[in-house]
Amino acid sequence: MGQGPSHEVQLETRVENPKNGNDPRGLALIAHGRAGGTFDGGAIRALAEYLRDQRQLRVVTWNARGVGQSEGGNEWTDFRIWVGDYSIGDYRRMLQESMSRYVQDFPTAQNAQLFLCGYSAGAIFAGCMRPMPYFHQFAPAHYILISYPVDLIFFVGVHKTGSYYRAVEALVQGYGWEELPSEFQGKEPDVAGVFAITGQQDTLMFHGLWSGILASKNARNILRQVIVEGATHTWDEKAPRIAEEVDKWLSTL
């Protein structure tokens, strides 16, 4: 439940280790958005390069179904892809495979950092992720949600929209997501932090409302929300601000 069906296809994947040759301190996954989005998008690369070079993490990105060299249909050809079922399943599979590969490559790793990230629709899918509890080598996850599409989520999630909102709310509240996978036995896993960053020009009708709801449910005191003045949904020349704000947030933890 909650993690989406797999129906596996081959996805074009990029795995990046720190450029200085040091063993990574942990693992980060970043999912891109829709409407022409790829793992080369500006917001994706800004965060990936920061986490790889400044935080010394192994960074995993992938092209969604039907994008680049990835197999499968796309959101325009399959309703299950449109509403996110397969994208969530693909993220979960990438997470499981990446965590497994990490512990194989670094068998002595303990308390490795874990970052679950996404941009736009990818932020929806990241918010639905819960790290597999049997990977004890990892510390509780950090979540980075870039341009979570609050005002457009209904057009993505349709009947799943409420569940997608509650998935993120449960991260900061500690309970409340009806689709929490069964292996967690009804208990939300610990979370190191949730960081939501949005461009000021991307805050439309419902963003402020949900932002307030999310803040009101922050029982775990792990949420930080940032609005970047002048930034749009696509970020463009403002993309470096993503890394700057993430760095500020992590320096406070």
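Predicted model: local features only at pLDDT ≥ 70, side-chain atom pairs only at ≥ 80, totals over all residues.
Local features were taken at pLDDT of at least 70 and side-chain atom pairs at pLDDT 80 or more, whereas totals for chains, interfaces and linings use all residues. Residues are numbered from 1 along each chain as its sequence is written, and side-chain values use heavy atoms, with hydrogens and water left out.

Helices (H or I, at least four residues) and strands (E, at least two) are DSSP runs, numbered from the N terminus. Helix α8 comprises 12 residues, 240-251. Its first and last C-alpha atoms are 17 Å apart, close to the 16 Å expected (1.5 Å times one less than the number of residues). Buried positions (under 20% relative accessible area, 1.4 Å probe, protein chains only) in α8 are I242, A243, E245, V246, W249 and L250. These residues line one face of the helix, because they fall within an arc of 170 degrees seen down its axis (directions from the axis to the C-beta atoms). They pack against α1 (42-53), β4 (113-119), β5 (141-146), β6 (191-199) and β7 (223-228).

Beyond four places in sequence, V194 is in contact (heavy atoms within 4.5 Å) with residues including Y143, L171, I222 and W249.

V103 lies in helix α3 (residues 85-105) and counts as buried at 16% relative accessibility.

Technical notes: Buried < 20%, exposed > 50% of the residue type's maximum accessible area, 1.4 Å probe, protein only.
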